[in-house]
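Work through the exercises below with the structure open. Each one has a task, then a solution in steps.

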Amino acid sequence: MEVLVSPTKPLLKSCSNSPLIIPNQTNLAFHSPHSPPNNSSQPKPSIIMGKKAVMIVCGATVVTVAAAVVVRQRMRCCGEWSKATAIVKELEEKCGTPIAKLRQVADAMTVEMHAGLASEGGSKLKMIISYVDNLPTGNEKGLFYALDLGGTNFRVLRVQLGGKGRGLVNQEFTEVSIPEGLMVGTTEALFDFIAAELAKFVGKEGPEYQLPPGRQRELGFTFSFPVQQTSINSGTLIKWTKGFSIDDTVGRDVVAELSKAIETQGLDMRVSALVNDTVGTLAGGIYNNNDVVAAVILGTGTNAAYVERAQAIPKWHGLVPKSGDMVINMEWGNFRSTHLPLTDYDHSLDTESLNPGDQIFEKIISGMYLGEIVRRTLYRIAEEASIFGDTVPPKLKVPFILRTPDMSAMHHDTSYDLKVVRDILKNILEISNTSLKVRKLIVELCNIVATRGARLAAAGILGVLKKLGRDVFRDGEKQKKTVIALDGGLFEHYTEYSKCMENTLRELLGEEVGASIVIEHSNDGSGIGAALIAASHSQYLEDDES
């Protein structure tokens, strides 16, 4: 090691008590009184000792400096980790859902339900009258069809109902992609294409599916776009969503347009019902279990529907149905209350969304948004606490890149080294070499966001049960069994979410009432459910019963 020393200024002291003399340019030798002053053959102990001392002291200094750097790095890391954990702690506090708050949310939901039933526009909850006043009983018999149009694909289904005691005998379906040009073309072109595929599906049927002479085929039409429904089988389009943009359809009756296209194909088929997928889920649930009183969708989006007494709907001005009941499509994703525990991440997500101020409940409990809330929180941690290095990983800046199925996979990771978390960070966010400590932090983030969503969903269900009077025991009355039909990918596949929701609902209801409330999975409301509603509103219903 070469040590450079200033000739005029002593820089170091030795570790001994006496000062270390650093030779300068004019004093390079130690002069012994017994030796000639300039005898170059004599050894120069001063220079040798000085070099050793300088090297020892410098080496010690380098070690000291290196140690200081390590200490500073550790202090920096500790400081950054403290920031990271503080952000997570803050999120946990703001997402808090103590039982008292959940009861407030449930009460607010019930109040908004009453307001929405009283008048149009009286509540953030639309409480749409579905015109479904006759739900399936299990006695329906015959051949029925469903058309499920909800995105860039549509499905055509055929179901064979066996009547009392036999239930659903057979079902078949086909799925068709809609060409992009038809999604932005004309009304006639879109419905002609759909009707042609429907005719093709029917045309392949064998003789066992032939109907008696003079009897029409009947179809339930699930149309998952905003409509103003005017009867069980009519409704005008309010606006297109999901990539569709056909201006001349807006304000027109979608059932009339489909019926016209079916007739053009020479197909003898009647559209018996226009339904929403949540109402279809309710129909499917009640077909299998007549104790079902409500249905909830927890998937990409969220909604609820339930059976209401017609006399309890002030804004209903029609005749009281024979059944005395009416299915209400709540559109509960638009619920909003000051009691909802919202964070800065929720506010920014809402502000940057296509529908700011709307669908607030949906934006904190449904599958479309949970992963994005985790990403936004993780982005802030990366920016302020540098847990992934000095720069924020570019992929972490991309909105909605972290989907809720990815979040669910990380949340459910039980491997000792959280391998699933590591792989998702690497493959989706392009973040490598994460520590186990960081991966545990991310699992905790997923848990906080999912827990809030699940517990609020439970509070929403409690609100519906309160409206129906099924949340408490009535003196002198036998407690009825109450079944809620649930569907949607979030409920079906995100186990931690669904378990938390069910446990929270039992916690809210108490042990005694909770024992009478059952959550049942009701699959494919948008398909089978629509066919069942077509059956329960068949024009031949009285003939079949007689």
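This is a predicted model: local features need pLDDT of at least 70, side-chain atom pairs count only at pLDDT 80 or more; totals for chains, interfaces and linings use all residues.

**Exercise 1. Describe the chain as a whole: how many helices and strands does the protein chain have?**

Step 1. The count is 17 helices and 13 strands.
Step 2. Turn to burial. Of the 546 residues in the protein chain, 49% are buried.
Step 3. Look at sequence separation. Take the contacts between residues at least 6 apart in sequence; 71% of them join residues at least 24 apart.

**Exercise 2. Find the largest nonpolar core. Which residues have the most contacts inside it?**

Step 1. The largest nonpolar core has 89 residues.
Step 2. L298, M330 and W332 have the most contacts inside this core.
Step 3. Helix 12 (residues 436-468) gives the core its largest share, 18 residues.
Step 4. A second, separate core has 37 residues, including L143, V176, M183 and F223.
Step 5. Go back to M330 and skip residues up to four places away in sequence. M330 touches M109, M113, L125, K126, M127, N303, A304, A305, Y306 and V464.

**Exercise 3. Trace the pairing of strand 9. Which strands pair with strand 9, and in which sense?**

Step 1. Strand 9 spans residues 292-298, and seven of its seven residues are buried.
Step 2. Strand 12 (residues 482-487) pairs with strand 9 in the parallel sense, over five bridges. Here V296 has L486 as its bridge partner.
Step 3. Strand 10 (residues 302-309) pairs with strand 9 in the antiparallel sense, also over five bridges. Here A294 stands opposite Y306.
Step 4. Check the link: a hairpin of three residues joins strand 9 to strand 10.
Step 5. Recall a rule for reading such strands. In a regular strand, side chains alternate between the two faces of the sheet.

**Exercise 4. Survey the aromatic rings. How many aromatic pairs does a search of the whole structure find?**

Step 1. The search finds 12 aromatic pairs.
Step 2. One of them is F223 with F225, at 5.0 Å centre to centre and 50° between the planes; the pair is tilted.
Step 3. Check burial. F223 has a relative accessible area of 4% and is buried. F225, at 5% relative accessibility, counts as buried.
Step 4. Another pair is W332 with F361, at 5.4 Å centre to centre and 85° between the planes. Planes over 60 degrees apart count as edge-to-face, so this pair is edge-to-face.
Step 5. Locate both rings. W332 lies in the loop between strand 11 (325-329) and helix 7 (344-351), and F361 lies in helix 8 (residues 360-365), so the pair ties together parts 29 residues apart in sequence. Both residues, W332 and F361, are buried.
Step 6. Collect the cluster: F221, F223, F225, W240 and F244 form one aromatic cluster.

How values were computed:
Residues are numbered from 1 along each chain as its sequence is written. Side-chain values use heavy atoms; hydrogens and water are left out. Helices (H or I, at least four residues) and strands (E, at least two) are DSSP runs, numbered from the N terminus. Buried means under 20% relative accessible area, exposed over 50%, partly exposed in between (1.4 Å probe, protein chains only). Contact means heavy atoms within 4.5 Å. A nonpolar core is a set of buried Ala, Val, Leu, Ile, Met, Phe, Trp, Tyr and Cys residues joined through side-chain atoms within 4.5 Å. Two strands pair if DSSP finds at least two bridges between them. Rings of Phe, Tyr and Trp (its six-membered ring) pair if their centres lie within 6.5 Å; planes under 30 degrees apart count as stacked, over 60 as edge-to-face and the rest as tilted.
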